[in-house]
Every structure is written in C-alpha cells, then in structure tokens.
Amino acid sequence: MLLRSTTLLALLLPIVVSLPGYAASETDVQRLELTGACPGCDLSGADLQTAHLIGVDLRGANLQGANLEGSNLEGADLTSANLTGANLSDAFLTNAVFESAILDGADLSGSTLYFTDVTNASLENIDIAEAQVYGTPISVGGPYEDYQEEIGQ
C-alpha cells in the first residue's frame with residue numbers, strides 16, 4: 001500500500017508543482033490574437049506584454065493577474081472585465097472602456113489614460129504613479145462624494 005501511495009505521489013507532484021496561480025486558456029489567447037474579440041474569455045495570468053490590442057472586445061473577460069505591460073489598448077472594450085492585480089504599467093489606454101470592470105490592485109503606473117471610461121469600475125489600491133490621466137475620473141484620496149462632504153457642499 002505504501003508503494004502505491006509513493007508511486008501516485010511521484011506521478012502527481014510534478015503536475016501540482018507546475019500549476020501556475022493563474023492559467024489562461026491557450027485557446028482563448030489564440031482567439032484573441034486571431035479575431036481581436038474574446039468576450040468572456042479566460043486570460044488570467046496571460047502574458048500580453050507589449051501586445052497591440054487596439055479596439056479589442058474583452059467584455060467580461062477574466063484578465064486577473066495578466067501582464068499587459070506596455071500594451072496598446074486604445075479603444076478596447078473591457079466592460080465588466082476582471083483585471084484584479086493585472087500589470088497595465090506603461091500601457092496606452094486612451095478611449096478604452098473599463099465600465100463596471102474590477103481593477104483592484106492593478107498597476108497602472110506610467111500608463112496613458114486619456115478619456116478612459118471607468119464608470120462604476122472598482123479601483124481599490126491601484127498604482128497610478130507617473131501615469132498620464134486626462135479626461136478620466138480617477139483621483140487620489142477617495143470618491144468625489146467624500147470630497148464634497150469634506151468641504152461642506
């Protein structure tokens with residue numbers, strides 16, 4: 001019995017050790033590359049560094065922990081996408097739509113966010129150091145409503 005358990009453990013251990021924290025679907029990555037549209041896809045942990053994703057449809061996609069460093073997402077639709085912990089540093093996000101998306105813990109440092117739609121997006125603990133933010137309602141210090149209360153309006 002001990003021999004069987006040891007053999008089983010020896011067979012399973014390499015599989016368990018090689019499993020990443022996130023596992024993007026290779027089929028979904030290929031679909032995105034070929035069509036420029038992958039709504040609802042599992043791209044968690046995908047390495048999309050410096051990818052040209054102009055105008056892509058990623059509505060409802062799971063990009064949790066994805067590496068999008070230096071990517072061009074101009075005009076991309078990421079409505080309701082999960083980008084928790086994603087690396088968007090130095091990304092170009094002009095006219096992108098992140099409506100109702102989850103960007104908690106995302107790294108947006110050095111990125112360009114011009115007229116980016118973040119309506120109802122969750123932006124807890126994002127890093128926007130050295131980001132260029134223009135025409136995009138992202139601020140440091142909490143919601144605008146809290147600021148209005150603080151100054152007595």
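Which residue forms a salt bridge with Asp57? The partner is Arg59, and the closest N and O atoms of the two are 2.6 Å apart. Here a salt bridge is a side-chain nitrogen of Lys or Arg within 4 Å of a carboxyl oxygen of Asp or Glu.

Before we go on, a word about the model. It is predicted, so local features need pLDDT of at least 70 and side-chain atom pairs count only at pLDDT 80 or more, while totals for chains, interfaces and linings use all residues. Residues are numbered from 1 along each chain as its sequence is written, and side-chain values use heavy atoms, with hydrogens and water left out.

Back to Arg59. Asp77 also forms a salt bridge with Arg59, with the closest N and O atoms 4.0 Å apart. Asp77 and Arg59 both sit in the loop between α2 and β1, 18 residues apart. Through shared partners, Asp57, Arg59 and Asp77 join into one network. How covered are they? Asp57 is buried, because its relative accessible area is 17%, and buried means under 20% (exposed is over 50%, partly exposed in between, with a 1.4 Å probe and protein chains only). Arg59, at 41%, counts as partly exposed, and so does Asp77, at 23%.

Now let us step back to the whole chain. It has three helices and two strands, in the order α-α-β-β-α. These are DSSP runs numbered from the N terminus: helices are H or I with at least four residues, strands E with at least two. Of the 153 residues, 33% count as buried.

Helix α2 covers residues 26-35, and its buried residues are Asp28, Val29 and Leu32. Seen down the axis of α2, these fall within an arc of 105°, so they line one face of the helix; the arc is that of the directions from the helix axis to the C-beta atoms. On the other side of α2, Glu26, Thr27, Leu34 and Thr35 are exposed. Just after α2, Gly36 takes a positive phi of about 75°.

Cys38 and Cys41 form it, with their sulfur atoms 1.6 Å apart, and both cysteines are buried.

Finally, look at Leu58. Leaving aside residues up to four places away in sequence, Leu58 touches several residues, including Leu32, Cys38, Leu63 and Asp77, where contact means heavy atoms within 4.5 Å.

Terms used
Disulfide = S-S within 2.5 Å.
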